[in-house]
Amino acid sequence: MKELIEELKKQIIEVLNLEGIQPDDIDETAPLFGEGLGLDSIDALELIVLMEKNYGIKLSNASEGKDVFKSITTMAEYITNHRIK
């Protein structure tokens with residue numbers, strides 16, 4: 001799980017072009033939206049694409065996404081339980 005969390009941090013920084021942020025700067029339990037990383041709805045779409053492309057996971061609805069994208073830890077848990085790739 002720790003490896004997946006580190007992998008997700010790197011992928012999020014790359015996909016969202018978060019300049020000046022290193023994986024160690026991201027608290028895996030901090031909120032991704034609002035406080036924490038302060039991501040927005042456009043970023044959410046990028047995260048959905050990332051999960052589909054890298055892990056074969058399709059989110060079926062927006063409310064599911066809210067639970068999955070609470071933090072990097074919740075993303076990692078979801079990927080661990082649902083990944084196809």
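Let me start with a question: where is Asn17 found? Asn17 sits in the loop between H1 and H2. Helices here, labelled H, are DSSP runs of H or I with at least four residues, and they are numbered from the N terminus.

A word on the source before I go on. This is a predicted model, and local features need pLDDT of at least 70, side-chain atom pairs count only at pLDDT 80 or more, and totals for chains, interfaces and linings use all residues. Residues are numbered from 1 along each chain as its sequence is written, and side-chain values use heavy atoms, with hydrogens and water left out.

Back to Asn17. Its phi is positive, about 50°, although Asn17 is not a glycine. The position is just after H1. Is Asn17 buried or exposed? Asn17 counts as exposed because its relative accessibility is 58%. The cut-offs are under 20% relative accessible area for buried, over 50% for exposed, and partly exposed in between, with a 1.4 Å probe and protein chains only.

Now helix H1 itself, residues 2-15. The expected span of a helix is 1.5 Å times one less than its number of residues. For the 14 residues of H1 that gives 20 Å, and the end C-alpha atoms are 20 Å apart, so the two agree.

Which residues of H1 are buried? They are Leu4, Ile5, Leu8, Lys9, Gln11, Ile12 and Ile13. An α-helix has 3.6 residues a turn, so residues three or four places apart point the same way. The cover over the buried residues of H1 includes helix H2 (41-55) and helix H4 (72-82).

Two of these residues in more detail. Leu4 counts as buried because its relative accessibility is 9%. Not counting residues up to four places away in sequence, Leu4 touches Tyr55, Ala76, Ile79, Thr80 and Arg83, where contact means heavy atoms within 4.5 Å.

Next, helix H4. Ile72 is found there, and because its relative accessibility is 0%, Ile72 counts as buried. Which residues does Ile72 touch, not counting residues up to four places away in sequence? They are Ile5, Leu8, Lys9, Ile12, Ile26, Glu28 and Leu32. Ile72 and Ile5 are 67 residues apart along the chain, and their C-alpha atoms are separated by 6.6 Å.

Thr73 lies in helix H4 as well and is buried, at 17% relative accessibility. Leaving aside neighbours within four places in sequence, Thr73 is in contact with Met1, Ile5, Glu28 and Thr29. From Thr73 to Met1 the distance is 8.7 Å, C-alpha to C-alpha, for 72 residues in sequence.

On to the core. In soluble globular proteins, nonpolar side chains tend to be buried together. A nonpolar core is defined here as a set of buried Ala, Val, Leu, Ile, Met, Phe, Trp, Tyr and Cys residues joined through side-chain atoms within 4.5 Å. The largest has 23 residues, and Leu8, Met51, Phe69 and Met75 touch the most other members. H1, H2 and H4 are the elements that give two or more residues to this core. Met51 touches Gly56, Ile57, Val68, Phe69, Met75, Tyr78 and Ile79, not counting residues up to four places away in sequence.

Last, the pockets. A pocket is an open set of points on a 1 Å grid over the protein atoms alone, where a 1.4 Å probe fits, with protein on both sides within 12 Å along at least five of seven lines; lining residues have an atom within 4 Å of a point. What lines the largest pocket? The lining is Phe33, Ala44, Ile48, Leu59, Asn61, Ala62, Gly65, Lys66 and Phe69. H2 and helix H3 (62-68) are the elements that give two or more residues to it, and the largest share, three residues, comes from H3.
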